[in-house]
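Hi everyone, thanks for coming. Please have a look at the sequence and the model on the screen, and then I'll walk you through a few spots.

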Amino acid sequence: MSDSIRDLWDLTGKTAVVIGGSKLLGYDMAAAFAEAGATVVVSSRNAASAVSAAETLAEKYNVATLGLAVNVQDYASIENAAADAIAFAGRIDVLVNNAGGGSGNASGDLLQRPVTVIEDMIATNLTGTLLCCKAFGAKMIEQSPSGGAVINIASIAGLVGRDRRMYSNGGVEQQPIDYAAAKAGVIGLSRDLAAAWAQFAVRVNSISPGGFGPRQLPNAFADEYATRTPLGRMGIDGQDIKSSALFLASEASAYITGHNLVVDGGFSSWR
Ligand SMILES: NC(=O)c1ccc[n+]([C@@H]2O[C@H](COP(=O)([O-])OP(=O)(O)OC[C@H]3O[C@@H](n4cnc5c(N)ncnc54)[C@H](O)[C@@H]3O)[C@@H](O)[C@H]2O)c1
């Protein structure tokens with residue numbers, strides 16, 4: 001392994017797959033990998049969105065890219081994508097499981113929340129992450145001893161309970177308990193998978209972002225959030241997730257596995 005800091009962060013010659021990589025945080029991470037020289041595969045449930053994001057990345061960073069349709073609730077689509085990524089690039093060095101999300105139109109109150117919506121949340125955020133680890137991880141293990149790096153996107157919701165006044169004062173629906181359950185599961189599965197797959201040189205880590213926005217959120221909510229955050233603001237798209245993802249994807253973190261990297265401006269450390 002090189003001892004040059006620049007080389008440690010470089011992804012030239014590597015292939016990175018970002019599930020749910022066509023927009024927002026997923027796109028930001030895909031862009032970071034492309035800028036670092038990786039061949040990048042991005043997926044979306046919608047094939048046209050994936051292809052369009054892949055084309056934008058190729059144009060902007062002059063790297064090879066592929067866009068694929070993946071629904072993380074459909075294991076056949078995940079397995080097909082893993083096979084397509086290998087057919088395209090020959091290997092998979094980095095997998096980011098970013099598909100998920102915490103909001104929706106249903107009530108966030110557990111007592112009011114429809115069972116089907118709860119099950120859907122767990123299926124996408126937790127089971128979907130497990131299934132992608134299974135299908136893409138198999139390809140990384142076949143590459144052993146060169147292995148790979150898996151990054152599962154969790155959330156501070158999996159780490160701390162949140163003051164519900166933040167939502168009511170901010171004029172938004174509270175984030176549901178099933179989201180916290182799913183993301184806590186993602187942190188747990190990442191830690192144990194790291195233990196299981198270390199023998200294949202596959203490192204497994206998670207990232208727990210804090211709230212990014214304001215996006216479509218009311219300013220009142222952004223203010224509520226900021227006052228509960230030591231660094232005084234929400235995370236910024238296009239900026240705050242990129243270097244954390246690149247760190248865990250690259251040789252810069254070669255001796256780090258089973259870690260949950262919290263990217264939240266200090267939100268989860270304040271009481
Ligand atoms: N935005 C935040 O404040 C925040 C905070 C903490 C964690 N996160 C997590 O970060 C990740 C990215 O969040 P975001 O806010 O950038 O985007 P997002 O929450 O809008 O969605 C993430 C991606 O997942 C995709 N997706 C949803 N269901 C899917 C399915 N069944 N199959 C395949 N793809 C599916 C969406 O289309 C989207 O591209 C999510 O896992 C989210 O839970 C976000």
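Let's start with S190, which is buried, at a relative accessible area of 1%. Buried here means under 20% relative accessible area, while exposed is over 50% and partly exposed is in between, with a 1.4 Å probe and protein chains only.

Before I go on, this is a predicted model: local features need pLDDT of at least 70, side-chain atom pairs count only at pLDDT 80 or more, and totals for chains, interfaces and linings use all residues. Residues are numbered from 1 along each chain as its sequence is written, and side-chain values use heavy atoms, leaving out hydrogens and water.

Where does S190 sit? You'll find S190 in helix α7, residues 177–197; helices (H or I, at least four residues) and strands (E, at least two) are DSSP runs, numbered from the N terminus.

What does S190 touch? Leaving aside residues up to four places away in sequence, S190 is in contact (heavy atoms within 4.5 Å) with N152, V204, N205, S206 and G258. The side chain of S190 also has a polar atom 2.6 Å from the backbone oxygen of V186.

Now to the cysteines. C132 is buried at 1% relative accessibility, and C133 is buried at 2%.

Definitions and conventions
Polar contact = N/O pair within 3.5 Å; in protein donor to acceptor, adjacent residues only side chain to side chain.
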